[in-house]
Amino acid sequence: MDNLQLWDFRFIDFVDVFLVAILLYYIYKLVKGTVAINIFIGILIIYFAWRLTDYLNMYMLYSIFDGFMKVGIIALIVVFQPEIRKFLLMVGSTNIGGKRNIFKNFKFLKNDDQTTTDVDAIVNACNKMGATNTGALIVIERNNNLDFLTNTGDEMNILVSQPIIESIFFKNSPLHDGAIIIDNNIVKATRVILPVSNDRTIPERFGLRHRAAIGITEKTDAVALCVSEETGQISYIKNGEFVMFQNTDELRDKIKEDLA
């Protein structure tokens, strides 16, 4: 009986460690590549300093760090509000019984060098549209389910290809207005209305198309490609920020890395 209890404890302990590892992995994925990772490291340093000053009986420093730690939860919610929102959206949008099986989110169990999305076709289409100053807004799903946005446009089920994307955003096409959402190499919706960012630091030269790309990548972990109708310039947006790239080859590599 005692051996059975000991075995049960060890098994639950293993499950506990495994779930904590998954949680830490997703926290890392959410803050990776953002300023939040530096803030997170800073908070860890303060935490260890708090424990060290308590151990060494350094009362003045300990009282300062202790005061900070007492309001730490509120500070974390304020500082990491976008990341917390993305995490809760990822959890809340998981459909265990449907296409969005929970195991689909465990991407670390797959080959990180592979992505099912035809990135080359998407980038080539953006280059072609940029050459003719054809405006476009392409949103690519990652972990967060964007089904809550598809009902703002027209639901589709079209395999991604360069001609398809170009035809959707053709100026005389009835589908060109709004954004398209791509998931697993499928155009799942067109003419989608996206939330627009209210960030006042965005330069005025960027219009609603760019603000919508920033808005959706602020609120979810999706990435977005935006082709300017005025200049033909291609912009790549992730985590609400513009990602710089030197050429289309580098852009392809960045997208494939982010989708892996």
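The following dialogue goes through how to read a predicted protein model, from its confidence to single residues.

Biologist: What is the mean pLDDT of the protein?

Modeller: pLDDT is the predictor's confidence in each residue, from 0 to 100. The protein has a mean of 79, and 75% of its residues reach 70 or more. Confidence is highest in strand 1, at 95, and lowest in helix 5 (residues 81–92), at a mean of 63. Over residues 95–103 the pLDDT is below 50, although this stretch has 15 contacts in the model beyond near neighbours in sequence. Contact means heavy atoms within 4.5 Å. Residues 105–113 also have pLDDT below 50, with 16 contacts beyond near neighbours in sequence. Where pLDDT is low, the predicted coordinates should not be read in detail.

As for conventions, residues are numbered from 1 along each chain as its sequence is written, and side-chain values use heavy atoms, with hydrogens and water left out. In this predicted model, local features need pLDDT of at least 70 and side-chain atom pairs count only at pLDDT 80 or more, while totals for chains, interfaces and linings use all residues.

Biologist: How many helices and strands does the protein have?

Modeller: Helices (H or I, at least four residues) and strands (E, at least two) are DSSP runs, numbered from the N terminus. The protein has ten helices and seven strands. Of its 260 residues, 37% are buried. Buried means under 20% relative accessible area, exposed over 50%, and partly exposed in between (1.4 Å probe, protein chains only). Among contacts between residues at least 6 apart in sequence, 64% join residues at least 24 apart.

Biologist: In what order do the strands of the sheet stand?

Modeller: Strands of a sheet pair through backbone hydrogen bonds, either parallel or antiparallel. Two strands count as paired if DSSP finds at least two bridges between them. Here an open sheet of seven strands has the order 2-4-3-1-5-6-7, with mixed pairing. Strand 2 and strand 7 stand at the edges, each with a single partner strand, so one side of each has no neighbour in the sheet.

Biologist: Which helices pack on the sheet?

Modeller: Helix 6 packs on it, touching strand 1, strand 3 (179–183), strand 5 and strand 6, and its direction makes about 25 degrees with that of strand 5. Helix 9 (residues 208–219) lies across strand 1, strand 5, strand 6 and strand 7, at about 175 degrees to strand 5. For these angles, axes are lines fitted to C-alpha atoms, for helices over the stretch in contact, and angles run from 0 to 180 degrees between N-to-C directions.

Biologist: Is strand 2 enclosed or in the open?

Modeller: Strand 2 (residues 154–159) lies largely in the open, because zero of its six residues are buried. Strand 2 pairs with strand 4 (residues 186–192) in the antiparallel sense over four bridges. Asp-154 stands opposite Thr-190, and Glu-155 has Ala-189 as its bridge partner.

Biologist: Why is strand 6 described as largely enclosed?

Modeller: Five of the five residues of strand 6 (residues 234–238) are buried, so the rest of the structure largely encloses it. In a regular strand the side chains alternate between the two faces of the sheet. In strand 6, Ile-234, Tyr-236 and Lys-238 point one way, Ser-235 and Ile-237 the other, and all are buried.

Strand 6 is joined to strand 5 (residues 223–227) by five bridges, the two running antiparallel; Val-227 stands opposite Ile-234. Their hairpin has six residues between the strands, and Gly-232 takes a positive phi near 80 degrees there. Two bridges join strand 6 to strand 7 (residues 241–242), again antiparallel, with Ile-237 and Phe-242 as bridge partners. In that hairpin, with two residues between the strands, Asn-239 takes a positive phi near 55 degrees.

Biologist: Is His-210 buried or exposed?

Modeller: His-210 lies in helix 9 and is buried, with a relative accessible area of 6%. Not counting residues up to four places away in sequence, His-210 touches Cys-226, Ser-228, Ser-235 and Phe-242.

Biologist: Where is Thr-134 found?

Modeller: Thr-134 is in the loop between helix 6 (119–131) and strand 1 (136–140). Thr-134 is buried, with a relative accessible area of 10%. Leaving aside neighbours within four places in sequence, Thr-134 is in contact with Met-129, Phe-169, Lys-171 and Val-227.
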